[in-house]
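Morning, everyone. Please have the sequence and the model open while I talk.

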Amino acid sequence: MASAGWDGARHLPLDGDASMRRYIRLIGPKDRRAMLMDAPPELGEDTRPFLAVTELLHAAGLSAPQVLAADPVQGFLLLEDLGDALYVREATTPARERLLYEAAVDVLAQLHRNPPAGQQRLGPYDAATYATEAALFVEWYVAGGRPEPPSADLRAEYLGHIAEATAKLAPSVLVLRDYHAENLLWLAERRGLARVGLLDYQDALIGHPAYDLVSLLEDARRDTTPELREAMQRHYLETTGAASEPFLAAYAALGAQRNLKILGIFARLARRDGKRAYLAHLPRVWQHLMRDLEHPELTALRAFVARWAPIPDAALCARLEAAS
């Protein structure tokens, strides 16, 4: 990004995520900072969705990073550096955690009550997408705990339960999809909704209003208490005026779908990519799933999971590691 005035800046690579993207902090004269996203197109990455969603979020008055320079062909974006005050580091006491999470819920309420113009250009988070994602659970997690691959009939039965669970979830709002404590920053110097910095939203779609609340409260990498989850559900319902019973039913269904997907993704990261660190999060995700499956509308899916899915204990993790 020499043409953008950052020639000679110091480069500080940041920890990566589950994608092929890399992030590098650039530090120039007088401690001027920016963030370089390296998203190689040859590895399947595409910066154009990030740019499109950034525009939508800015139109809504939210704190997505400003784009300083872009080279989508080469897969480079130079972005405003929003700092290091991630929620996962800042939510250090119950009172502060509640402050931060209420602000994050307020951002969702704003997006849902006042949809940004142009969001209809995004694709729908629909039944086909739910099925494709949820299939990862059988293909990688269940398969990793069995001596033989799951049969086509077993996969079809499972996807039938997923279709039943998600049948009523009409897409209507912008969902960022990875809305959790490692992708949210606390920008204390800003005011109102702008205090919540947003990251990693390039996969946004038009989906159900409950999805990002599930992502926030059923965090795969950070424990949340029952008290926090219940308080934030109430806060969302009171702020938006959404009807409680259907919303909480949708929350449970989406929680189940999302956590099944994550179990599959983490198993795949271990088995296919050798990224074994993700196995440490399986018990937390499993606990989220078990709570979601307690909803009476998810009885059939709960029975399927109880019959076919291994508990993520040390023995299963050892099998998943051995398969990598």
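How do the residues that line the second largest pocket divide into nonpolar, polar and charged? The lining has 11 nonpolar residues, two polar and three charged. Keep in mind that this is a predicted model.

Let me stay with that pocket. Its space comes to about 310 Å³. Sixteen residues line it, and those closest to the centre are Lys168, Leu169, Ala249, Ala250 and Glu297. Two elements, α5 and α8, each give two or more residues to this lining. Helix α8 gives the most, with six residues.

How many cavities of 30 Å³ or more does the structure hold? One. A probe the size of a water molecule, rolled over the atoms, shows where empty space is left. The largest cavity has a volume of about 50 Å³. Its lining runs through Leu176, Asp178, Tyr179, Asn183 and Leu184, then Leu198, Leu199, Asp200 and Tyr201. By class, that is six nonpolar residues, one polar and two charged.

Next, helix α4. It covers residues 127-144, so look there, and its 18 residues reach 25 Å from the first C-alpha to the last. That is close to the 26 Å expected at 1.5 Å a residue.

On to the aromatics. The structure holds 11 aromatic pairs. A pair of rings is described by the distance of the centres and the angle of the planes. Take Tyr87 and Trp186: the centres are 6.4 Å apart, the planes stand at 70°, and the pair is edge-to-face. Where do the two sit in the chain? Tyr87 is in helix α2 (residues 87-90), Trp186 is in strand β7 (residues 184-186), and the pair links distant parts of the chain, 99 residues apart. Both Tyr87 and Trp186 are buried.

Compare Phe137 and Tyr158. Their ring centres lie 5.7 Å apart with the planes at 40°, so this pair is tilted. Phe137 belongs to helix α4 and Tyr158 to helix α5, so the pair ties together parts that are 21 residues apart in sequence. Phe137 and Tyr158 are both buried. They also belong to one aromatic cluster, along with Tyr141, Trp286 and Phe304.

Last, two loop residues. Thr47 lies in the loop between β3 (33-38) and α1 (48-59). Is Thr47 buried or exposed? Its relative accessible area is 1%, and buried means under 20%, so Thr47 is buried. Beyond its neighbours within four places in sequence, Thr47 is in contact with Met37, Ala39, Pro72, Gly75 and Leu77.

Then Arg121, in the loop between α3 (94-113) and α4. Why does Arg121 count as exposed? Its relative accessibility is 56%, and exposed means over 50%. Not counting residues up to four places away in sequence, Arg121 touches Glu55 and Leu56.

Key. Residues numbered from 1 in each chain as written. Predicted model: local features only at pLDDT ≥ 70, side-chain atom pairs only at ≥ 80, totals over all residues. Heavy atoms only, no water. 1 Å grid on protein atoms, 1.4 Å probe; cavity = no way out; pocket = protein on both sides within 12 Å on 5 of 7 lines; lining within 4 Å. Points joined across faces, edges and corners; volume = space filled by probe spheres on them. Nonpolar A, V, L, I, M, F, W, Y, C, P; charged D, E, K, R; others polar. Helix = DSSP H or I, 4+ residues; strand = E, 2+ residues; numbered from the N terminus. Expected span 1.5 Å × (residues − 1). Phe/Tyr/Trp six-rings, centres within 6.5 Å; stacked < 30°, edge-to-face > 60°. Buried < 20%, exposed > 50% of the residue type's maximum accessible area, 1.4 Å probe, protein only. Contact = heavy atoms within 4.5 Å.
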